[in-house]
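Here are my notes on the model you asked about. Have it open beside you while you read.

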Amino acid sequence: MSILIFSLFIFVLACFIGFELISKVPPTLHTPLMSGANAISGITIVGALIVTGGEGGLLTQILGVAAIIFATINVVGGFMVTDRMLEMFKKKGDDK
Amino acid sequence: MSQFLPDYIVTYLPDAIQLIYLIATAFFIRGLKLLGSPATARKGNQLAATGMLIGIIVTLFDQQIVSFEWIIAGVLIGSLIGIILAKKVAMTAMPELVAVFNGFGGGASALVAWGELSKFADPSVMGNSSLVTTGLSIFIGSLTLTGSFVAFGKLKGFISGNAITFPGLNFINIASMIGVVVLIGVFTYDPANQTVFWIILSLSLLIGITSVIPIGGADMPVVISLLNSYSGLAASMAGFVLGNNLLIVSGALVGAAGLILTQIMCKAMNRSLFNVVFGSFGGDSSSGQVSGSDGDKTVRETSATDLAIQVAYASKVVIVPGYGLAVAQAQHIIKEVATKLEERGVQVKYGIHPVAGRMPGHMNVLLAEADVPYDQLYDMDQINPEFASTDVVLVIGANDVVNPMAKTSPGSPIYGMPILNVDEAKRTIVFKRSLSFGYAGIDNPLFYTEKNQMFFGDAKKSLQALNEALNDV
């Protein structure tokens with residue numbers, strides 16, 4: 001089995017997990033969920049690190065650093081703002 | 001950082017990294033699952049963030065990474081910008097911020113693929129499958145970048161929220177997309193051809209703009225959710241280019257989850273995804289023809305004192321907030337009114353329409369900010385059976401979502417939209433500046449029913465008056 005086929009396997013399986021995970025979410029959480037899922041898509045930062053830290057010419061370095069900056073904004077900002085929203089979600093009687 | 005480790009560890013390093021990636025993936029899956037319930041959502045988000053941190057740290061031990069100066073600089077700059085944006089944003093501006101973050105994420109994936117490509121003097125050594133996924137990553141990532149920023153501009157008002165379109169635009173978009181896919185094929189066959197590469201890049205950036213421009217401001221939340229799904233897909237494609245399982249799996253998770261969420265949102269807004277993408281409907285100005293009946297249109301007005309008595313002696317009050325409440329910055333004052341009523345033994349509930357606010361679920365966030373507990377917030381399906389037993393409904397800054405024409409008049413533009421059945425309650429009070437029409441530009445027969453009273457004025461001032469009047473009841 002080639003690496004491509006193996007990768008396709010896990011890609012498709014992961015898609016199915018993603019479909020199943022979000023099947024029943026109350027409307028209350030649509031905004032935070034969208035923002036949280038968006039932060040996870042910043043995982044591309046891992047790719048940005050590999051490209052930037054490796055051997056490469058000036059163009060590679062520039063593209064890599066730009067990718068790191070973009071992805072970090074997505075990751076750090078995304079998780080933080082989601083937390084800020086969810087921090088405010090309280091049940092009746094919860095402590096402030 | 002692998003160069004600092006002894007040889008006997010380095011031997012096992014690649015496998016160790018993969019195993020830790022697997023752990024990070026598990027964190028993401030568990031995190032997304034927990035994000036689906038209000039009680040555990042915050043923990044879920046923190047779990048996902050931890051997974052991300054694990055993924056990033058372990059990647060630094062990858063043997064391909066030999067220099068760190070640029071990495072440190074990039075991470076510092078990115079974190080700083082991210083922290084400032086996340087801390088500063090007003091909760092009302094949440095849709096814009098998610099759009100911006102999403103754009104950066106998509107752009108990053110395109111840059112990763114391009115960066116990897118730029119390492120090779122002769123790109124054909126990358127192999128066909130890597131070249132195809134490089135092309136796809138650049139395509140999806142770039143269109144996510146520009147599409148998200150157009151969505152941001154529309155939400156912010158820099159670009160008209162109206163559907164900007166002309167005949168044939170849909171055709172041009174579809175043709176361009178097919179064109180890019182064909183060009184990716186050409187690029188795979190002849191990767192050294194710079195011209196093809198540049199056409200793919202610019203066409204992808206352009207498609208992001210031209211496919212979001214024709215969509216109206218009201219549909220932007222769905223568009224952002226869809227673009228969110230794309231940015232996951234772009235990350236996954238970048239994972240194929242680099243042969244990185246963590247990227248492939250996490251990207252696929254977000255891609256699929258985003259698609260489902262998009263569908264859920266469409267359903268809540270009574271729109272089909274096809275309609276949103278190709279329909280060119282949903283502008284944000286309330287022009288348009290109005291065809292109302294010329295029947296008896298008398299409205300009954302109420303005052304703060306009168307209203308205070310009505311709600312203070314009610315046994316059940318339902319509050320229906322709309323975006324007008326948030327615009328008037330009246331969330332905190334409504335919470336005060338609700339608290340006072342509860343102290344008197346009145347049962348208070350909030351009925352939230354799925355599209356209340358500027359994106360699905362937005363009103364819940366805005367009320368949470370004012371410390372309204374989430375178990376007092378009821379979805380449309382939960383609250384609708386309760387109106388019949390409700391004494392007073394306070395409709396604040398909402399209009400179309402309580403318009404009975406959605407049920408009764410097939411000719412109306414909002415016909416078929418699910419609404420809150422406030423007309424079943426014993427009494428409705430509508431807080432409104434004037435008798436102007438709502439977002440959809442149509443009249444609301446609810447205002448003229450015998451059970452309804454209008455409380456004219458700015459929502460915040462009216463509520464303040466009510467709050468004070470309650471002290472004297």
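1. Surface first. Chain B exposes about 19,200 Å², and carbon and sulfur atoms supply 62% of that. Accessible areas here are Shrake-Rupley values with a 1.4 Å probe, and for residues only the protein chains shown count as cover. Before going on, note that this is a predicted model, where local features need pLDDT of at least 70, side-chain atom pairs count only at pLDDT 80 or more, and totals for chains, interfaces and linings use all residues. Residues are numbered from 1 along each chain as its sequence is written, chains are lettered from A and ligands numbered from 1 in the order in which they are written, and side-chain values use heavy atoms, with hydrogens and water left out.

2. Overall build of chain B. You'll find 18 helices and six strands, taken as DSSP runs numbered from the N terminus (helices: H or I, at least four residues; strands: E, at least two). The C-alpha trace spans about 80 × 55 × 35 Å along its principal axes. Of the 473 residues, 56% count as buried; buried is under 20% relative accessible area, exposed is over 50%, and partly exposed is in between (1.4 Å probe, protein chains only).

3. Contacts in chain B. Taking pairs at least 6 apart in sequence, 77% of the contacts join residues at least 24 apart. A contact means heavy atoms within 4.5 Å.

4. The cavity. How many cavities of 30 Å³ or more does the structure hold? There is one, and the largest cavity has a volume of about 40 Å³. On a 1 Å grid over the protein atoms alone, a cavity is a set of points where a 1.4 Å probe fits but cannot get out; a pocket is an open set with protein on both sides within 12 Å along at least five of seven lines, and lining residues have an atom within 4 Å of a point. Grid points are joined across faces, edges and corners, and a volume is the space filled by probe spheres set on the points. The lining of the largest cavity includes Pro27(A), Ile352(B), Asn364(B) and Met380(B).

5. Asn364(B). This cavity-lining residue sits in helix α15 (residues 362-369) of chain B. It counts as buried because its relative accessibility is 2%. Beyond four places in sequence, Asn364(B) is in contact with Pro27(A), Thr28(A), Phe89(A), Ile352(B) and Leu377(B).

6. Met91(B). Look in the loop between α4 (69-88) and α5 (94-117) of chain B. Met91(B) is at 2% relative accessibility, so it counts as buried. Leaving out residues up to four places away in sequence, Met91(B) touches Arg84(A), Met85(A) and Met88(A), along with His362(B), Val365(B), Leu366(B) and Glu369(B).

7. The second largest pocket. About 360 Å³ of space lies here. It has 18 lining residues, and Leu143(B), Met177(B), Ser211(B), Leu226(B) and Tyr230(B) lie nearest its centre. Which helix gives the most to this lining? That is α9(B), with five residues.

8. Two backbone spots to check. Gln329(B) is not a glycine, yet has a positive phi of about 55°; look for it in the loop between α13 (323-327) and α14 (331-343) of chain B. Asp371(B), also a residue other than glycine, has a positive phi near 65° and is found in the loop between α15 and β3 (377-379) of chain B. Gln329(B) is partly exposed at 45% relative accessibility, and Asp371(B) is partly exposed at 30%.
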